[in-house]
Amino acid sequence: MNEIIIKQSKVKSIGLIILGIVMLLACVFVLAFGTIHKNIVYIIIGIIGMGFFVPCEIYSVKRALNPKPLLVITEDGITDMSTASSVGFIAWNEIESISVIRVFTQRVIAIAVYDIDKLLHRISPAKQKVIKANLKLNYPPIAIPINTADVNFNEVLSIIQNKLNEHNLRVNN
């Protein structure tokens, strides 16, 4: 079986770790500033920021030290391992559409599925919450960021769209 593996770029991973460190330092600075000046708003912002960026940084470092593919594309479907909330394997016959959305400044491959309940049923409760949040924000249920991939975004998108089209042609003929 012909599989295409999209890996994480080491250089981009290191850049993400450095960015995380900068954000953590900024949160520590805000927290310290708030503590010194007895400003509860700065203290809360610093704590919330650290509560967000510490797990992100741990995940980034763990991912860089123990790299896994971001995506594996096969004749049967896509296996998404790009984030902590990835859904895993998605068969081509489950995919209704593929599009590109922007989340802040980042382009993300968005996947809509025919049967959202089937998808939700096979993933963990935490991942279900992420998908439900995406739907509440009018985003497709599956969002695959590949900003740390070792392959160009448009190339990955083209591969996925071509494989989906090939599958649909096989099914319809």
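**Close-up views of a predicted model**

**View 1. The second largest pocket has a lining of four nonpolar, two polar and four charged residues.** In these classes, Ala, Val, Leu, Ile, Met, Phe, Trp, Tyr, Cys and Pro are nonpolar, Asp, Glu, Lys and Arg are charged, and the others, Gly among them, are polar. This is a predicted model, in which local features need pLDDT of at least 70 and side-chain atom pairs count only at pLDDT 80 or more, while totals for chains, interfaces and linings use all residues. Residues are numbered from 1 along each chain as its sequence is written, and side-chain values use heavy atoms, with hydrogens and water left out. The volume of the second largest pocket is about 170 Å³. Its lining is made of Lys-7, Gln-8, Lys-10, Ser-13, Ile-14, Arg-63, Ala-64, Pro-67, Lys-68 and Pro-69. Helix 1 and helix 2 are the elements that give two or more residues to this lining, and the largest share, three residues, comes from helix 1. (A pocket is an open set of points on a 1 Å grid where a 1.4 Å probe fits, with protein on both sides within 12 Å along at least five of seven lines; lining residues have an atom within 4 Å of a point.)

**View 2. The largest pocket has a volume of about 1300 Å³.** Its lining counts 37 residues, and those closest to the centre are Phe-52, Cys-56, Thr-83, Gln-106 and Pro-145. Sorted by class, the lining holds 22 nonpolar, 12 polar and three charged residues. (For volumes, grid points are joined across faces, edges and corners, and the space filled by probe spheres set on the points is taken.)

**View 3. Glu-75 forms salt bridges with Lys-163 and with Arg-170.** A search of the whole structure finds three salt bridges (a side-chain nitrogen of Lys or Arg within 4 Å of a carboxyl oxygen of Asp or Glu). In the bridge between Glu-75 and Lys-163, the N to O distance is 2.7 Å. Glu-75 sits in the loop between strand 2 (71-73) and strand 3 (77-80) and Lys-163 in helix 5 (residues 153-172), so this pair ties together parts that are 88 residues apart in sequence. Glu-75 is partly exposed, at 25% relative accessible area, while Lys-163, at 9%, counts as buried. (Buried means under 20% relative accessible area, exposed over 50%, and partly exposed in between, with a 1.4 Å probe and protein chains only.) For Glu-75 and Arg-170, the closest N and O atoms are 3.6 Å apart. This pair also links distant parts of the chain, with Glu-75 in the loop between strand 2 and strand 3 and Arg-170 in helix 5, 95 residues apart. Arg-170 is partly exposed, with a relative accessible area of 45%.

**View 4. Arg-122 and Glu-94 meet through their side chains in a salt bridge of 2.6 Å, N to O.** Arg-122 belongs to the loop between helix 3 (116-121) and helix 4, and Glu-94 to the loop between strand 4 (88-91) and strand 5 (95-103), so the pair links distant parts of the chain, 28 residues apart. Arg-122 is partly exposed, at 37% relative accessible area, whereas Glu-94 is buried, at 10%. Turning back to the previous view, salt bridges that share partners join Glu-75, Lys-163 and Arg-170 into one network.

**View 5. The largest nonpolar core has 28 residues.** Ile-109, Ile-111 and Ile-160 have the most contacts inside this core. Strand 2, strand 5, strand 6, helix 3, strand 7 and helix 5 each supply at least two of its residues. Helix 5 gives the most, with six residues. (A nonpolar core is a set of buried Ala, Val, Leu, Ile, Met, Phe, Trp, Tyr and Cys residues joined through side-chain atoms within 4.5 Å.)

View 6. Helix 4 has 12 residues and reaches 16 Å from its first C-alpha to its last, close to the expected 16 Å (1.5 Å times one less than its number of residues). Zooming out, the protein chain has five helices and seven strands (DSSP runs numbered from the N terminus: helices are H or I of at least four residues, strands E of at least two). From the N terminus on, the elements run β-α-α-β-β-β-β-β-α-α-β-α. The C-alpha atoms fill a box of roughly 70 × 35 × 25 Å along the principal axes, and 36% of the 173 residues count as buried.
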